Every structure is written in structure tokens, then in C-alpha cells.
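Colleague: Can you walk me through this model? I'll ask as we go.

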Amino acid sequence: MNPRSTTHPFSAPDDDKFREECGVFGIYGSDDSAALTALGLHALQHRGQEAAGIVSYDGSRFYPHRALGLVGDIFGEQEIIDTLPGDSAIGHVRYSTTGETALRNVQPLYADYSFGGLALAHNGNLTNAASLRHDLVNRGSLFQSTSDTEVFQHLIATSSGARLLDRVVETLREVEGAFSLVALSRRKLIGARDPKGFRPLILGSLGDASIITSETCALDIIGAEFVRDVEPGEIIVVDEEGLHSHTPFPATRKRFCIFEYIYFARPDSSVEGRNVYETRKAIGAELARESLVDADFVIPVPDSGVPAAIGFAQESHLPFELGLIRNHYVGRTFIEPIDEIRHLGVKLKHNANRQQLEGKRVILVDDSIVRGTTSRKIVEMVRQAGAREVHMRISSPPTMHSCFYGIDTPERGQLLAANLDVEGIRQQINADSLAYVSIDGLYRAMGEAGRNNDEPQFCDACFTGDYPISLTDFDEGGATAQMSLLAGLA
Ligand code: SF4
């Protein structure tokens, strides 16, 4: 399977979005570690709906449970939680960027080493995983999965480091790309974030227990307190002596993924010191300042367009209305993701609120346009419900480039904005007008003066093509380099 797949057997049929790939959760020092991990993963479900897993440790052995499906379906029964004893555990929700949909790729991955067992779960994507894998296979490593996360395990196994921490540091020096990971050994919970800090990772506490996870919403659900973000390039080790911080990498400018604020993170989370909901509203307000048009009211494309639409409406002093109603009970697996039915899927998920829309001029706010299939259908739906004018406003700049740092995106050729200018896209989706927030406007909404082009404050490569880390295994058009490496392995 192409690691940068454009369709997916578990895709919601109209899910024309960039997709977050993974969420991680780790806890040390609680008798309810597995139950708390399951709850944390439930709160992180938006970061991956394909599969989930937990590995716990009870002082004598590790206990894994991994399956395809949603967290509630996998860990909803007490009997399953009872099979995961111990006072420490790590867990993972997954939507694959690399590796096909298969149980062997479901994390946490576990391996027995000379120093004991180690379970590992990873959010992000390594840009040199195929090259490293190639070298490791040539040196005799036998891979069990196609996930690039397994590369960490083999590098740790072949490291000459004396202590586990030394092996982890040596491993993290070899990998390139994005990683926010948690690992569990017999004595330690480890959390690590790549030096650029692409993906979020935070530290929390619940009584005497320490927690390392992707977002604050995973702390809220279990009543845990937010302590701080794990710093880019930081390795946190929690053991019976307490919590230790290590910063073994040279300092570099961090480049947190700006798209986490636009779409991926849950709106009730705070990441890198910013509340996601407030940030989305601020982006919507900036969008209104940049591209207000005469209209009767503002409507969001639910759910992800809602905070930006609220910000747009507040800034423009236009009414905010729910012109589209979302059905939250759309099945995920019963429709093949083929184009014809993808179109039907929009109607399965959204319905126009005809009484609101009839005869009105509406501003329709969404967070992004990827292939454009959904946007075209939504505009058409609003028109068919009687809207007189439909003005589309997008709370991100045009997505013109693929992501190689842990977000599932189509290959570049399938991104509408890579092929058409704004006017071309407007025609394609049949809106009366179309505007995106500018890149500087996006940075202003983040509280910055604008984008610092010499030293950008965030990763924004999917808008600018300015990739902060070399794409060793990829070319910018897609996966050619990586695929040829993988083909060489076959
Ligand atoms: Fe985020 Fe886009 Fe950078 Fe990927 S390329 S990490 S989606 S900003």
C-alpha cells in the first residue's frame, strides 16, 4: 500500500480533510493505569480512529491489548481492562500514515531486548524511516510490521548504549522527521519530542501519578492536572526516583505544526500555550478583517468550521446561524470510498437547514479545502436549499503541499490548490466568492506580527512548501523516493 494513500478502507466517505495520524498516552504510578489510559485514548479519538492499543506493566511482566476499531469498542468492557494490570501503561490511537491497515502495525509495539521489555508508541512520521530500515535490514534486522515506528525499536536494539536512556538518545539522533513518543520499560516511563516539536506532547499529573500525552483533553477526562508542554528535543524519564528531564540535542528553532491549531487538535485542548478554540476564533476574526463581504449571516461547515465561523461572525457583527446540520451517526465502514459514493457521503453527513437558507446571502466558513470534492457538494447543497449567494471563506491558506510529518495528506497532484489558483478553485466549487486567510493573517491570529520569513515560528509547509526538515526518503511531489526504497526491499 502506498504509505501516502489517497483513499482508505476506513475513510468516512466525504472526509475530504487532512487527517491527524496518532495520539499517545502514558501513565506511571497509578493502580488504575489501564482504565485511565483507555479514557485518555477515548479523549484522543479524533487523532486516530483506525486502531488502538494499550500495554501495561505490573512489576513482573507486560500485558498488551491491541485491536482495529474505536477505543470504546476495544476497551469498553471491564474484562478487557482487567487483563491489563499494573501501575504503569502506555496507549496509542492510530490512523496510519505509514504501514497498511493491519493488526501487526497497531501500537504500542513491544519487543524483548537484552535489558528487558520495551513498549513504544509514536505520533509523527519519520522522513528517513525507509533509508534507516534499508540499512537495518542489510545488517540483519527482521521487521515484523511496515510501520516506521518499528525503526525506533531496531535502532534501540542495535545501539551500543549502556543504559536505556543512552540507547534512546542514540536512536533519536539517527531519526529525522516528527516524533512525539511514549515508551514503557520495566522501570521507566519515557516521553520524547523531536527537536522541532512538530507534534504536541504534554506532561500532566494525577495525584502521585505522572502522565505524558498528546493533548490536554486527555488530562481533563481523568481529572488530571496540566503541568507543562514537553519541550521540543526534551526527553522525560519517570521512574521510582521521580521525573527527570534530559535535553541531549543541540538547540534549534522549534516549528510546531500550525495546522494543529487550524484543524487537528481538539478545540478544548491547549497546546504550546494557546487554547485551540480561542485560536480558531481568532483566525476566523482575521479572515473577516481580510475578506468580509456583504451577506445576511455566517454559517459554519460543522463541526470543524464552527469556531472560525464564530470568530468571523463576531468580528463582522453578522448573525451566526447553523445553516448546515451534521449527522453524527454516519457509519464508517459500510461504504466503499469511491468517487461516486463519496459524493453521496456528503449528504449522509450534512444536511442543509432549508428554512434558514432560503433567499439568503450566506458566508460559509470551513477550515480547509483539500481535494475540493466536499466543498463543491456543500456549496451545491446550500444553493439547492435556496441560498441566493454562497461566499466561501477558509480559515487556512491554500493547502498546496503534502505533509511528511505525521499528517495523512493526498499526494500533491490531488491537492486542488496545487493545481488551481483561488479563482480556479472558486469556479470548481461554484461559490459566488472564495477567500482564504493569508499566511501573515494566520500568524497575526496566532499573536505574531506576521510570518518571520527568515525564521518561521511554526511549520506551515503545507501552505508554503518550506519544509523545516529534509525529506530524505521523499520527493516533494509524493512518495517516489520512499517507494523505490521500499520496492528495493521487496
Ligand atoms: Fe502541520 Fe502542514 Fe507542517 Fe504537516 S506540513 S506538520 S500539516 S503545518
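**Sheet and helices**

Modeller: Start here: Leu184 stands opposite Leu189 in strand 9. This is a predicted model, with local features needing pLDDT of at least 70 and side-chain atom pairs counting only at pLDDT 80 or more, while totals for chains, interfaces and linings use all residues. Residues are numbered from 1 along each chain as its sequence is written, and side-chain values use heavy atoms, leaving out hydrogens and water.

Colleague: How do strand 8 and strand 9 pair, and over how many bridges?

Modeller: Antiparallel, over five bridges, between residues 180–185 and 189–193. Strands are DSSP runs of E, at least two residues; helices are H or I, at least four; both are numbered from the N terminus. Pairing takes at least two DSSP bridges between two strands.

Colleague: What order do the six strands of the open sheet take?

Modeller: 6-7-8-9-13-14, with antiparallel pairing. Strand 6 (109–113) and strand 14 (242–246) are the edges, each pairing on one side only.

Colleague: Which strands does helix 5 lie across?

Modeller: Strand 6, strand 7 (116–123) and strand 8. Helix 5 (149–158) runs at about 10° to strand 6. Angles run from 0 to 180 degrees between N-to-C directions, with axes fitted to C-alpha atoms, for helices over the stretch in contact.

Colleague: New topic. How many residues of helix 10 are buried?

Modeller: Eight of 11, in residues 306–316. Buried means under 20% relative accessible area (1.4 Å probe, protein chains only), with exposed over 50% and partly exposed in between. Among them are Ile310 and Phe312.

Colleague: What follows helix 10?

Modeller: His317, with a positive phi near 55°.

Note on methods
Contact = heavy atoms within 4.5 Å.
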